[in-house]
Amino acid sequence: MLEKTLILSNIDDVKSFVELANTKDYDIEIMSGKYVVNAKSIMGIFSLDLTKPVVMVAHCGEKIAEISRQVEKYTIEAKQKKEQ
């Protein structure tokens, strides 16, 4: 299992993240406060407060390195680097 804090700050981020999630054969959830939605659902993600960071939980077994690398661009650290 992999847990990462992400920022999905615009429509393009959400769309590309959902497309990535849909290529995986394992469950991925997005948590925001007390709400948990399926990361493969664009409507589910848009129902969350995306003005704040969200937590992704990927039940990926041994594929941690792969998904970690693929979601890196959505992490807080990557977003902060991009802004500088």
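This is a short tour of the chain, stop by stop.

**Before you start**

The model is predicted: local features need pLDDT of at least 70, side-chain atom pairs count only at pLDDT 80 or more, and totals for chains, interfaces and linings use all residues. Residues are numbered from 1 along each chain as its sequence is written, and side-chain values use heavy atoms, with hydrogens and water left out.

**Stop 1: the whole chain**

Show the chain as a cartoon. You will find 4 helices and 4 strands. Helices (H or I, at least four residues) and strands (E, at least two) are DSSP runs, numbered from the N terminus. Follow the sequence and the pattern reads β-α-β-β-α-β-α-α. The radius of gyration is 12 Å, close to the 12 Å that the globule rule gives for 84 residues, so the chain is as compact as a globular protein of that length. That radius is taken over C-alpha atoms, and the rule is 2.2 Å times the number of residues to the power 0.38.

Now switch to the C-alpha trace. Along its principal axes it spans about 35 × 25 × 20 Å.

The chain exposes about 5,300 Å², and carbon and sulfur atoms supply 52% of that. Accessible areas come from the Shrake-Rupley method with a 1.4 Å probe; for residues, only the protein chains shown count as cover. Buried residues make up 38% of the 84 residues. Buried means under 20% relative accessible area, exposed over 50%, and partly exposed in between (1.4 Å probe, protein chains only).

**Stop 2: helix 1**

Select residues 11–21, which form helix 1. Asp 13, Val 14, Phe 17, Val 18, Leu 20 and Ala 21 are buried here. They cover an arc of only 155° around the axis, which puts them on the same side of helix 1. The arc is that of the directions from the helix axis to the C-beta atoms. Turn to the other side: Ile 11 and Asp 12 are exposed there.

What covers the buried residues of helix 1? The cover includes strand 1, strand 2, helix 2 (42–46), strand 4, helix 3 and helix 4 (76–83).

**Stop 3: Asn 10**

Step back to Asn 10, in the loop between strand 1 and helix 1. This residue is partly exposed, with a relative accessible area of 35%.

**Stop 4: helix 3**

Select residues 64–71. Ile 67, Ser 68 and Val 71 are buried in this helix. Their arc is only 105° around the axis, which puts them on the same side of helix 3. Ala 65 and Arg 69 are exposed, on the face turned away from the buried side. The cover over the buried residues includes strand 1 (2–6), helix 1, strand 2 (28–32) and strand 4 (54–58).

**Stop 5: one loop, two residues**

Go to the loop between helix 2 and strand 4, and pick Leu 48. Is Leu 48 buried or exposed? At 9% relative accessibility, Leu 48 counts as buried. Leaving aside neighbours within four places in sequence, Leu 48 is in contact (heavy atoms within 4.5 Å) with Ile 30, Ser 32, Tyr 35 and Val 37. From Leu 48 to Tyr 35, C-alpha to C-alpha, is 7.6 Å; they are 13 residues apart in sequence.

Now pick Thr 51, also placed in the loop between helix 2 and strand 4. Thr 51 counts as exposed, at 71% relative accessibility. Finish with Lys 82: the C-alpha atoms of Thr 51 and Lys 82 are separated by 17 Å.
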